[in-house]
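Reader: I would like to learn how to read the features of a model like this one.
Author: Then let us take them in turn, starting with the fold.

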Amino acid sequence: MWVYIWLGVLALSLIVEFISMELVSIWVSVGSLVAMILAFCNVSITIQLIVFGVVTIACILGLRRIALKFFFRNKGKTNLDAIIGTTYKLLKKVNAEELGSIKVNGVEWSVKSLDNEEIDAGNFVEIVSVDGNKFIVKKVTNSSKKVENIETTKTDEENTVDSVENKPKTKNTEKKTKPKTEKKSANSSKE
């Protein structure tokens, strides 16, 4: 009879694990499998319950962390997470009553200001979080360290600010060329 009870616990815990995918009830399945084997061998119910508890707790404490690292090792930042902390130029004024807008990678996004602060168009804002399909931004002030390290890049479709904190500083070297008119005038005087 206990074999069928442990089989039911095993099936139920597998269903719960399949639904939740939290790697918790799978260890209950392991414990119930061991207890079911003991029940099949006619071991007393007290020993079955003790072994079930010990195996389940040992698996949760010992194997869950390893299994989480193995199954979820590729879980990293999403594209939206990578945008948080970046700075853009505000295209449309934002305040408590109306949404503003910025362009991120050529796509215009709605923005709300942090603490319903009013920010005029043309100011630089930093994305601090995401709320649904809107970015939450705060104004980057002139005294802020980030403003000192940004460079404006304008294209036909984009008006964004790229951070250059991690880029090496390069010197602006231009080749000085002599005007071509001097060579022509020297050639014409020889003729």
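**Reading the fold**

Author: The chain has 6 helices and 7 strands; helices (H or I, at least four residues) and strands (E, at least two) are DSSP runs, numbered from the N terminus. The model is predicted: local features need pLDDT of at least 70, side-chain atom pairs count only at pLDDT 80 or more, and totals for chains, interfaces and linings use all residues. Residues are numbered from 1 along each chain as its sequence is written, and side-chain values use heavy atoms, with hydrogens and water left out.

Reader: Which pattern does the chain follow along the sequence?

Author: The order is α-α-α-α-β-β-β-β-β-α-β-β-α.

Reader: How should I read strand pairing, and how do β2 and β3 pair?

Author: Two strands pair if DSSP finds at least two bridges between them. β2 and β3 are antiparallel, with 5 bridges, and K103 stands opposite E108 in β3. The two strands form a hairpin with 2 residues between them, and N105 in the turn has a positive phi of about 55 degrees.

Reader: In which sense do β3 and β5 run, parallel or antiparallel?

Author: β3 and β5 run parallel and are joined by 4 bridges; here K112 stands opposite I136 in β5. β4 and β5, by contrast, run antiparallel over 6 bridges, with I127 opposite V137 in β5. Their hairpin has 2 residues between the strands, and G132 takes a positive phi near 70 degrees. Strand β1 (residues 87–89) is joined to β4 by 3 bridges, also in the antiparallel sense, and Y88 stands opposite V125 in β4.

Reader: What general point about side chains goes with a regular strand?

Author: In a regular strand the side chains alternate between the two faces of the sheet.

Reader: Which residues make up the largest nonpolar core?

Author: A nonpolar core is a set of buried Ala, Val, Leu, Ile, Met, Phe, Trp, Tyr and Cys residues joined through side-chain atoms within 4.5 Å. Buried means under 20% relative accessible area, exposed over 50%, and partly exposed in between (1.4 Å probe, protein chains only). The largest core has 12 residues: I83, Y88, L90, V94, I102, V104, V111, I119, V125, I127, F135 and V137. β2 (100–104), β4 (124–131) and β5 each supply at least two residues of this core. Apart from it lies another core, of 6 residues, among them L10, A35, A39 and F52. Of the 191 residues of the chain, 23% count as buried.

Reader: What does I127 touch?

Author: Contact means heavy atoms within 4.5 Å. Not counting residues up to four places away in sequence, I127 touches I83, I84, G85, T86, Y88, I102, F135, I136 and V137.

Reader: Is G100 buried or exposed?

Author: G100 lies in strand β2 and counts as buried, at 3% relative accessibility. Its contacts, leaving out residues up to four places away in sequence, are K92, K93, V94, W109, S110 and V111. The C-alpha atoms of G100 and A121, 21 residues apart along the chain, are separated by 8.1 Å.

Reader: How many aromatic pairs are there?

Author: A pair of aromatic rings is described by the distance of the centres and the angle of the planes. Rings of Phe, Tyr and Trp (its six-membered ring) pair if their centres lie within 6.5 Å; planes under 30 degrees apart count as stacked, over 60 as edge-to-face and the rest as tilted. By this rule the count comes to 3. W6 is in helix α1 (residues 2–20) and F52 in helix α3 (residues 45–71), so the pair links distant parts of the chain, 46 residues apart. W6 is buried, at 4% relative accessible area.

Author: W109 lies in strand β3 (residues 107–113) and F135 in strand β5 (residues 134–139), parts that are 26 residues apart in sequence. W109 is partly exposed, with a relative accessible area of 28%, whereas F135 is buried at 1%.

Reader: How many disulfides are there?

Author: A disulfide is a covalent bond between the sulfur atoms of two cysteines. With a disulfide taken as a pair of cysteine sulfur atoms within 2.5 Å, the count comes to 0. C41 is exposed, with a relative accessible area of 51%, and C59 is buried, at 10%.
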